[in-house]
Amino acid sequence: MNFHILTLFPEMVMNGLNTSIIGRAVSRDLLSIDAVNIRDYAFNKHQSVDDYPYGGGAGMLMQAEPVYLAYKAVEEKVAKRKLRVVYLSPQGDTFTQKMAEEMAQEKELVLLCGHYEGIDERVLEEIVTDYVSIGDYVLTGGELPAMVMVDTISRLVPGVLHNDVSAEFESFQDNLLEYPQYSRPEEWRGKKVPEVLLSGHHAKIEKWRREQSILRTKERRPDLLEKCELTEEEREFTQKA
Ligand code: SAM
């Protein structure tokens with residue numbers, strides 16, 4: 001999968017994404033991450049890419065043309081067809097695991113990062129296909145949200161996680177949070193690992209994990225549990241717990 005991040009701060013995104021699992025996936029050619037500097041497409045001699053908003057108001061706005069040219073350069077280079085372009089914006093749909101799963105099917109994904117007060121509406125109308133927010137708060141720029149998206153989507157690309165199973169049973173799968181996990185030692189400061197996990201009994205372990213997921217979701221994210229499909233037995237268990 002190839003990510004193209006349109007940004008005024010390419011070093012910020014590249015520095016943040018070239019370590020650990022994502023960095024290794026890039027060096028194994030499972031992913032590519034290309035940060036395109038919008039400033040390279042400035043059309044005046046001062047290389048400025050922002051200006052005052054018409055009608056007044058605080059702050060500056062990123063101008064349409066450099067953003068448009070930066071996108072067109074990617075389109076021309078990789079596909080010669082209209083690409084999927086996500087504008088990171090607090091006004092977008094909130095990013096979810098489900099969205100990440102769907103976007104992980106794309107071969108090319110363009111992420112557009114705003115800065116200052118945002119971007120001239122006209123270029124957004126022209127190139128953006130999806131508006132995505134990472135939560136109901138306002139950041140200074142779209143770079144951290146773009147990094148959040150690249151990280152989340154990348155780990156769903158086959159081969160990126162060594163053990164593909166670890167992406168399978170995780171929080172938000174089936175609208176449940178993940179069960180608690182334990183590693184060595186068996187006893188830490190008087191706290192023991194639950195007996196069932198040491199039993200080697202696969203079916204019992206699976207049952208225990210599913211119940212723990214349900215309990216944890218009930219406690220921490222009851223809104224998710226409402227959307228979760230439970231068996232009759234699990235429904236009774238949830239009510240009693
Ligand atoms: N004036 C804009 C508004 O009120 O909707 C906010 C602009 S914000 C200061 C600057 C840039 O940060 C935005 O263009 C967007 O790319 C990014 N940004 C800020 N908060 C975000 C969020 N919650 N999710 C995704 N991107 C965000």
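Predicted model: local features only at pLDDT ≥ 70, side-chain atom pairs only at ≥ 80, totals over all residues.
Local features need pLDDT of at least 70, side-chain atom pairs count only at pLDDT 80 or more, and totals for chains, interfaces and linings use all residues. Residues are numbered from 1 along each chain as its sequence is written, and side-chain values use heavy atoms, with hydrogens and water left out.

**View 1. The shell around the ligand.** The shell holds 21 residues, each with a heavy atom within 4 Å of the ligand. Tyr87, Leu88, Gln91, Gly114 and Tyr137 come nearest. By class, 10 are nonpolar, 10 polar and 1 charged. Here Ala, Val, Leu, Ile, Met, Phe, Trp, Tyr, Cys and Pro count as nonpolar, Asp, Glu, Lys and Arg as charged, and the others, Gly among them, as polar.

View 2. A polar contact is a pair of N or O atoms within 3.5 Å. Tyr137 places a polar backbone atom 2.8 Å from a ligand nitrogen. For Ser89, a backbone N or O atom lies 3.3 Å from a nitrogen of the ligand. A polar backbone atom of Gly141 is 3.4 Å from a ligand oxygen.

**View 3. Ser213 in helix H8.** Helix H8 spans residues 202-220 and includes Ser213; helices are DSSP runs of H or I, at least four residues. Ser213 counts as buried because its relative accessibility is 7%, where buried means under 20% relative accessible area (1.4 Å probe, protein chains only). A polar side-chain atom of Ser213 lies 2.9 Å from the backbone oxygen of Leu177. The backbone nitrogen of Tyr179 is 3.3 Å from a polar side-chain atom of Ser213.

Notes:
Polar contact = N/O pair within 3.5 Å; in protein donor to acceptor, adjacent residues only side chain to side chain. Helix = DSSP H or I, 4+ residues; strand = E, 2+ residues; numbered from the N terminus. Buried < 20%, exposed > 50% of the residue type's maximum accessible area, 1.4 Å probe, protein only.
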